[in-house]
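Notebook open, model loaded. I want to go through a few spots one by one and write down what turns up.

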Amino acid sequence: MPHSPLGGARRVPKTLIAAAALLLPALLAGCGGSSGKPTLNWYINPDGVDTFIKRAAECSTDDYDIKIQLLPTSATDQRVQLARRLAAEDSSTDLMNLDPVFVPEFANAGWLAEVTDDNTEGDLASTITQSVEGEGDYLKGAADTVTWQDGVYAIPLWANTQVLWYRRSLAQAAGLDMTQPVTWEQVIQAAADNNGSVGVQANRYEAYVVLINALVQGAGGDIVSNTEAGKDAKVDIDSDAGRTAAEIIKMLADSPAAQSDLTVSNEGTSLGRMFPADPSAPQGAGEFMVNWTFVYKNYLDTTGQGGGPADKQAFADLGWARYPETVEGEDSKPPVGGIDIGVGAYSKHPELAMKAAQCITATDMQVDLALTDGLMPSTNAAYDKVAASGDYPEDLIELFRTSVDEGGPRPKSAFYGLISSAIQARWHSPTSVDPDSTPKKSGDYLQDVLKGKALL
Amino acid sequence: VTTTTAPAKAGAAPATSDRSRAENRLGQKLVAPAIILMLIVTAFPMLRAIWLSVYDYALTAPDDRDFVGLSNYATALTDPLFWQTTGVTVLYMVVTVAIELVIGFGFAMVMHRVIFGRGVVRTSILIPYGIITVVSGFAWQFAFSATNGFVNGWLPFIGDDYNWFGKTTSAVIAIMVSEIWKTTPFMSLLLLAGLAQVSEDMIEAAKVDGATWWQRLWRVIIPNMRAAIMVAVLFRALDAFRIFDNIFVMTNGAQKTESVSFLTYRQTIEQFQLGMGSTLSVLLFLSVLLIAFLIVKVFRVDLAQARQEG
């Protein structure tokens with residue numbers, strides 16, 4: 001016993017030294033990064049990850065290395081993680097993939113470095129602002145997502161949009177002329193009368209707001225306007241356009257064409273209903289489905305597998321048309337999504353990050369994403385190359401391009417998160433939507449939420 | 001077991017000598033760093049939350065911060081959503097604590113009386129408590145899932161495609177089951193400590209007097225472990241009132257299953273409304289204080305006695 005304290009005292013430092021000796025190289029290596037070539041952290045969402053990894057290596061130069069950091073899957077979690085870093089003025093958040101609806105929110109908080117003609121090559125900022133007017137290389141709908149209060153705060157990478165995917169045989173059976181614009185009413189009716197169904201996204205999440213927004217805009221209205229006024233924005237959902245949108249949702253919910261999981265439907269749930277195994281079963285004739293651009297590659301890749309078309313012939317029965325009209329004769333406003341690249345306002349290397357952002361969003365990268373991952377470009381130049389590659393049917397490429405170009409943005413507001421959640425709270429579930437009360441209730445509630453008079 | 005160890009000093013006011021005063025001063029100096037650290041890590045956030053709660057302040061619009069006085073509190077306390085979540089939270093608390101108390105007491109008796117395999121029995125009862133709540137939440141979510149869970153198959157009166165997370169009542173039940181499974185061991189551990197304090201002599205005496213097992217339980221064992229039961233109920237009630245993980249994992253607050261903690265989380269973390277979020281956390285803190293006060297009153301237990309300081 002009397003020896004043990006001494007012996008113990010001698011042993012402890014030895015183990016400590018051993019541990020330190022083991023750790024030291026690791027620590028030194030960790031420090032090495034900051035003293036030599038700077039590393040830019042690029043936060044990506046998990047879509048097309050392999051292409052992003054490849055691109056990070058390609059865009060790394062003698063001046064900097066780009067390191068990929070993966071964000072969570074859900075858009076809400078991505079936003080929360082980025083926002084928490086940026087609110088804490090994290091200097092290691094250099095580049096980030098942003099969902100278009102985050103841009104106004106982040107720009108308003110001062111978290112994004114402004115894109116100007118001075119810090120980019122080829123007067124990129126001017127090109128983007130001109131594109132909003134329809135005179136630059138960027139598609140209007142995509143360019144529109146990165147502007148906020150006369151400034152440009154991100155660079156469009158790829159642009160997403162929704163189109164109406166359908167079974168040609170189903171449309172034919174219904175006698176629907178798909179070369180002309182179709183309305184929601186026609187689509188729901190055609191599916192109901194011909195043993196088909198209608199696929200939408202109506203779970204209580206962001207894509208349901210995408211649907212509501214597209215319906216309202218298709219009727220010539222808006223959920224909110226004057227969004228740059230922040231909390232004083234004008235709430236417009238309680239209007240004829242809002243009621244028309246509610247009528248269509250009710251029409252679908254009450255129709256035999258509604259899918260059984262309508263209230264929890266998302267982008268994936270209705271994919272399997274396009275090519276049902278048994279055509280004589282209820283809703284066995286396939287579906288009309290509004291969904292994003294990935295659908296084409298998805299069915300192409302799942303041909304012959306469960307849930308996909310049985311063979312090439314079945315795949316040829318897949319048709320596409322512009323997003324349905326809310327009101328007959330009035331152009332539909334297809335939803336616009338995608339990813340924009342932003343540069344963190346607190347980055348240690350803002351010039352390098354801006355350079356890297358331009359490299360990442362260059363035309364060849366956009367073409368790469370389209371051809372390998374089915375994520376469609378945001379510029380006309382890239383679209384031309386994708387069309388020339390022959391990987392996609394020409395009319396489909398043109399449909400995507402027009403849809404992004406003439407699409408309707410979701411409200412651009414620093415409080416978009418509040419707006420979206422408030423709408424979801426009052427419009428979900430779709431089976432409870434009532435044209436006489438839902439628009440009014442959601443308008444009042446949204447107003448209260450914006451004024452801080454109601455909890456979300 | 002606990003016979004007199006009567007401390008000589010108790011009661012009599014100790015004469016304060018120079019030496020004891022010096023010792024006191026030294027003691028104060030020695031604990032000062034710890035107190036200061038505590039103040040920094042606990043008092044500062046609490047005061048800041050109170051300060052933030054009187055502002056209308058969103059993380060995404062830092063320049064638009066407005067002083068609004070108590071208006072956030074008025075909004076929260078008049079909002080139906082706040083009262084609905086409070087109601088659900090109280091329901092979670094009352095039901096889970098009640099069931100855990102009963103099952104936990106049973107487990108405690110088993111752990112106390114078990115003769116062979118004592119280590120194995122005690123360990124297996126405690127295993128759920130060693131599992132991270134998020135993991136247990138996922139496990140039970142899968143168990144209740146209509147597509148690949150086993151619960152629907154095991155329950156005879158429920159259809160195979162019954163969606164537990166589709167309605168408020170069933171979703172709340174699923175969340176409660178996960179919560180009870182996870183924390184009953186904690187309850188039984190606290191009760192076991194209480195059981196160990198009940199003098200065997202008293203139980204023997206009751207036996208000799210002809211008391212049945214039931215009478216011994218209600219007249220001897222339970223009254224003598226009142227303090228331990230109160231501590232167990234108090235700890236679990238305060239914990240249960242702050243329920244969050246299971247709801248987050250299993251329903252993400254859908255179908256009106258959200259608790260006050262979840263509502264607070266949504267305002268602060270998801271919506272970046274730091275002002276309203278802080279208001280809700282202050283209200284949550286006050287509710288927890290109130291519950292603690294009520295439980296101490298109901299059990300009429302002297303806390304000092306419960307800590308064996310009497």
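Then B:Q255, in the loop between α11 (245-250) and α12 of chain B. Phi is positive here too, near 55°, and B:Q255 is a residue other than glycine. Its relative accessibility came out at 31%, so I put B:Q255 down as partly exposed.

Next I went into helix α12 of chain B, residues 260-270, where B:Q267 is found. I got a relative accessible area of 3% for B:Q267, which makes it buried. What does B:Q267 touch, leaving out residues up to four places away in sequence? My list has A:L455 and A:L456 from chain A, plus B:F272, B:Q273, B:M276, B:G277 and B:L280 from chain B.

Over to chain A, with some overall numbers first. I counted 18 helices and 12 strands in chain A. Chain A has 456 residues, and 53% of them count as buried. Its C-alpha atoms fill a box of roughly 90 × 60 × 55 Å along the principal axes. For contacts between residues at least 6 apart in sequence, I noted that 73% join residues at least 24 apart.

Which of its residues are buried? I wrote down A:A382, A:Y383 and A:V386. They span an arc of only 100° around the axis, so they are on the same side of α15(A). Their cover includes α14 (363-373) and α16 (394-405) of chain A. On the face turned away from that buried side I found the exposed residues A:K385 and A:A388. Just after α15(A), A:G390 has a positive phi of about 80°.

A:Q283 was my next stop, in the loop between α10 (240-254) and β10 (287-292) of chain A. With a relative accessible area of 16%, A:Q283 falls under the 20% cut-off and is therefore buried. Its contacts, not counting residues up to four places away in sequence, include A:N195, A:G196, A:S197 and A:R273. I also took the C-alpha separation from A:Q283 to A:D240, which are 43 residues apart along the chain, and got 32 Å.

One peptide bond went on the list: A:H428 to A:S429 is cis, with omega near 5°. A:S429 lies in the loop between α17 (416-427) and α18 (438-450) of chain A.

Last, confidence. The model scores ipTM 0.73 and pTM 0.81. Chain B averages a pLDDT of 89, and 92% of its residues score at least 70. Residues 1-11 of chain B are below 50, and this stretch has 1 contact in the model beyond near neighbours in sequence. Where pLDDT is low, the predicted coordinates should not be read in detail.

Notes. Residues are numbered from 1 along each chain as its sequence is written. Chains are lettered from A and ligands numbered from 1 in the order in which they are written. This is a predicted model: local features need pLDDT of at least 70, side-chain atom pairs count only at pLDDT 80 or more; totals for chains, interfaces and linings use all residues. Side-chain values use heavy atoms; hydrogens and water are left out. Buried means under 20% relative accessible area, exposed over 50%, partly exposed in between (1.4 Å probe, protein chains only). Helices (H or I, at least four residues) and strands (E, at least two) are DSSP runs, numbered from the N terminus. The arc is that of the directions from the helix axis to the C-beta atoms. Contact means heavy atoms within 4.5 Å. pLDDT is the predictor's confidence in each residue, from 0 to 100.
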